[in-house]
Amino acid sequence: MYHKSKGYKLFSIFNHVMLILVALTCLLPLLHLFAQSFSSKAAVNGNLVSFWPVEFTADAYEKTFRNSNFTGSMLISIVRTVLGTLVSMSVITTAGYALSKDFRGRHALMWIFVFTMLFSGGLIPSYILVTSLGMKDTIWALVLPGAFGAYNLILIMNFFKTIPKALEEAAFIDGASFFGIFAKIYLPLSLPGLATVGLFIMVGHWNSWFDGILYMSNTTNYPLASFLQTVVVQSSAQSMALSQSEAAALSEQSIKAAQIFISTLPIILVYPFLQRYFVKGIVLGAVKE
């Protein structure tokens, strides 16, 4: 048998070793951050922390959650991620449903969308457009510019095309409308694709930092990723709201580690609920044009 051959066994061993190394590459930095966030200032400054806390203390987390700048930015990121995902999924699913049908001009319209994957309007025109529409310093500046993604549209469109046409014809015979078929047939049968694209959009909004710095004049309006970028780059006690006594007692590196670790938790907690849809959504969404 093929799976019992020597070559296949060697490949399996090599494959498992490589996957373990990749997993460790992703996991160990996170463990190091976790250990630093619960370690004392002396241990962190002395480079004594590896993957386990040294002189355990939760002062960094206490200070982080008492920092109104951090909690405010986290709230903005939550609102942005939820609102941005809902808006994007509404736009992409309706467009994907329409483009999954055969009509005159469909291919030309599809190529227009694909063109946006290769070329953009540019940073300065985008900034001028957002400012002219009065969206600067509002949540919409973080949500609307990236609401449509051609790649996500293609995944959803191809997933819709895998649904048997007979189901739609039977629904039409029973008197269902286009919107009724879309809501009661296409969306429930497309959970793997919707979960996959939704995860992409959520991660994109949660990790996006540049647009927050670009479109927000006041730092209190920064989403969490933008706030963390300024903390890491500026590396100052002022950006972390530390008093002189707190700066003397707490390690800035521990506070940074705590803030970064907290920022990763929402996506880590959401992913297990969507994992069972993820691989199926990628495969089925990529097999057709």
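A residue is counted as buried when its relative accessible area is under 20%. By this criterion Asp-211, at 14% relative accessibility, is buried, and 38% of the 289 residues of the chain fall in the buried class. The structure described here is a predicted model.

The mean pLDDT of the chain is 82, with 87% of residues reaching 70 or more. Confidence is highest in helix 7 (residues 140–143), at a mean of 92, and lowest in helix 14 (residues 244–249), at 50. Over residues 285–289 the pLDDT is below 50, although this stretch has 13 contacts in the model beyond near neighbours in sequence.

The secondary structure of the chain consists of 15 helices and zero strands. Among contacts between residues at least 6 apart in sequence, 72% join residues at least 24 apart. The accessible surface of the chain amounts to about 16700 Å², and 70% of this area belongs to carbon and sulfur atoms.

The largest nonpolar core comprises 22 residues, of which Leu-153, Phe-160 and Tyr-186 touch the most other members. Two or more residues of this core are contributed by each of helix 4 (68–99), helix 5 (106–118), helix 8 (150–161), helix 10 (178–189) and helix 11 (191–207). Leaving aside residues up to four places away in sequence, Phe-160 touches Thr-93, Gly-96, Tyr-97, Ser-100, Phe-182, Tyr-186, Leu-187 and Ser-190.

Side chains of opposite charge can pair when their charged atoms come close. Three salt bridges were found in a search of the whole structure. In one of them, the side chains of Asp-211 and Arg-80 meet at 2.5 Å, N to O. Asp-211 lies in helix 12 (residues 210–215) and Arg-80 in helix 4, so this pair ties together parts that are 131 residues apart in sequence. Arg-80 has a relative accessible area of 2% and is therefore buried; Asp-211, at 14%, is likewise classed as buried.

A salt bridge is also formed between Lys-101 and Glu-168, whose closest N and O atoms are 2.6 Å apart. Because Lys-101 is located in the loop between helix 4 and helix 5 and Glu-168 in helix 9 (residues 165–173), the pair ties together parts that are 67 residues apart in sequence. Glu-168 is buried, its relative accessible area being 7%.

The salt bridge between Arg-66 and Glu-62 has its closest N and O atoms 3.9 Å apart, within the 4 Å limit applied to such pairs. Arg-66 and Glu-62 are four residues apart in helix 3, and are therefore separated by about one helical turn. Glu-62 counts as partly exposed, because its relative accessibility is 45%.

Definitions and conventions: Residues are numbered from 1 along each chain as its sequence is written. This is a predicted model: local features need pLDDT of at least 70, side-chain atom pairs count only at pLDDT 80 or more; totals for chains, interfaces and linings use all residues. Side-chain values use heavy atoms; hydrogens and water are left out. pLDDT is the predictor's confidence in each residue, from 0 to 100. Contact means heavy atoms within 4.5 Å. Buried means under 20% relative accessible area, exposed over 50%, partly exposed in between (1.4 Å probe, protein chains only). Accessible areas come from the Shrake-Rupley method with a 1.4 Å probe; for residues, only the protein chains shown count as cover. A nonpolar core is a set of buried Ala, Val, Leu, Ile, Met, Phe, Trp, Tyr and Cys residues joined through side-chain atoms within 4.5 Å.
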